[in-house]
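The following note concerns side-chain packing in the model shown below. Please read the points against the coordinates.

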Amino acid sequence: MMEVMSMMKFLMTYGVNFGDFIGLTALMLPFIASIVIPFVTFIVVIFVYNKMIADNEVSVLAASGLSPAQIARPAILLATIMTVCHLALNIWVVPISQAQFYNTQWNLRYGLAHLKLQESAFTELTNDLVVYVDKVSGHDMSQLMLSDTRDKTNEMIIFAEKGKLVSTMRGLSIVMSNGSLQSMGDSLTTGTFESFDMDLNVAEKENENSFRVRRIPTFILIKNLRDAPDMHQHKVILSELSTRLLAPFMNLILATLCTLILLKASLLRRRASFAPILSVIAMAIVMASFMSASNMIEHVYEFAILFIIVILVLCGVMFALHKK
């Protein structure tokens with residue numbers, strides 16, 4: 001929901017058309033899917049098996065000689081398929097889609113910022129950077145004025161007959177011709193120019209310099225683990241690797257845990273109406289514990305410990321399900 005709200009704000013702030021917004025939303029779907037897959041698997045399993053218990057189908061299957069492990073086999077098979085799909089999604093699809101998402105967002109925000117400019121109106125591109133344009137035709141502008149007060153020691157006002165917006169790797173630049181410039185710092189400086197190229201530098205510095213770990217391919221992320229420049233980035237990489245490599249096993253753990261609780265409870269003499277609630281509580285505890293642990297990892301040996309714990313938990317619930 002927060003991602004959608006953020007993109008809606010982006011749509012309104014930067015004047016992105018609806019088609020581009022749909023494209024950005026589509027690029028976010030793999031990442032959103034990677035988060036909700038374990039919960040979807042759990043919901044499917046608890047819904048189907050609770051319905052079977054309510055209709056006494058589980059009792060009939062148990063009376064025919066099937067063990068809880070055999071009755072739970074379809075759920076385990078589904079969870080296994082979802083685990084494999086989830087792994088593929090986390091390792092390959094999500095990094096590619098996230099890299100494309102951030103590149104597209106950056107281009108829409110800064111490469112196409114000229115779409116914000118309105119004729120005969122003042123437009124604030126960013127804080128303390130205001131542009132007035134008499135007429136706009138594509139990338140070309142005429143009779144423009146630019147006020148740049150971002151640097152308080154060197155404030156500038158520029159007038160030009162013509163201007164052209166150019167998108168560069170750094171962001172948006174404007175090439176102006178036949179104009180004048182006033183620079184106000186320790187002293188007032190004025191001058192004229194035939195051509196003046198100015199980098200508008202409207203890209204947000206935190207977005208340019210931030211370490212967006214989600215868009216880095218998995219194998220490069222593993223390689224960068226050894227070369228992380230500081231402890232914070234090292235921790236971020238380990239946390240991301242935990243999410244990518246270990247989170248898919250939550251599908252198997254949650255499905256097995258759910259069937260274990262539901263089937264074992266259904267075989268009790270008294271009707272176990274508490275079983276679905278107990279399953280939901282167990283799911284919440286397992287997911288909260290895993291997410292907390294993955295965010296707290298700071299060293300490789302802690303990642304190894306978490307991996308061992310995940311495997312042991314999976315083996316434990318499997319063993320409990322097969323135990324008569």
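1. Phe196 is partly exposed at 24% relative accessibility (buried means under 20% relative accessible area, exposed over 50%, partly exposed in between, with a 1.4 Å probe and protein chains only). Phe193, with a relative accessible area of 12%, is buried. Phe193 and Phe196 form a tilted aromatic pair, with 5.4 Å between centres and 40° between planes (rings of Phe, Tyr and Trp, the last by its six-membered ring, pair if their centres lie within 6.5 Å; planes under 30 degrees apart are stacked, over 60 edge-to-face and the rest tilted).

2. The model is predicted: local features need pLDDT of at least 70, side-chain atom pairs count only at pLDDT 80 or more, and totals for chains, interfaces and linings use all residues. Residues are numbered from 1 along each chain as its sequence is written, and side-chain values use heavy atoms, leaving out hydrogens and water.

3. The count of aromatic pairs comes to 3. One of them joins Phe122 and Tyr132, tilted, at 4.9 Å centre to centre and 45° between the planes. Phe122 belongs to strand β1 (residues 121–126) and Tyr132 to strand β2 (residues 129–137), 10 residues apart (strands are DSSP runs of E, at least two residues, numbered from the N terminus). Phe122 is exposed at 57% relative accessibility, whereas Tyr132 is partly exposed at 25%.

4. Ser183, in strand β5 (residues 171–184), is buried at 12% relative accessibility. Leaving aside residues up to four places away in sequence, Ser183 touches Asn154, Glu155, Met156, Leu188 and Thr189 (contact means heavy atoms within 4.5 Å).

Technical notes
Helices (H or I, at least four residues) and strands (E, at least two) are DSSP runs, numbered from the N terminus.
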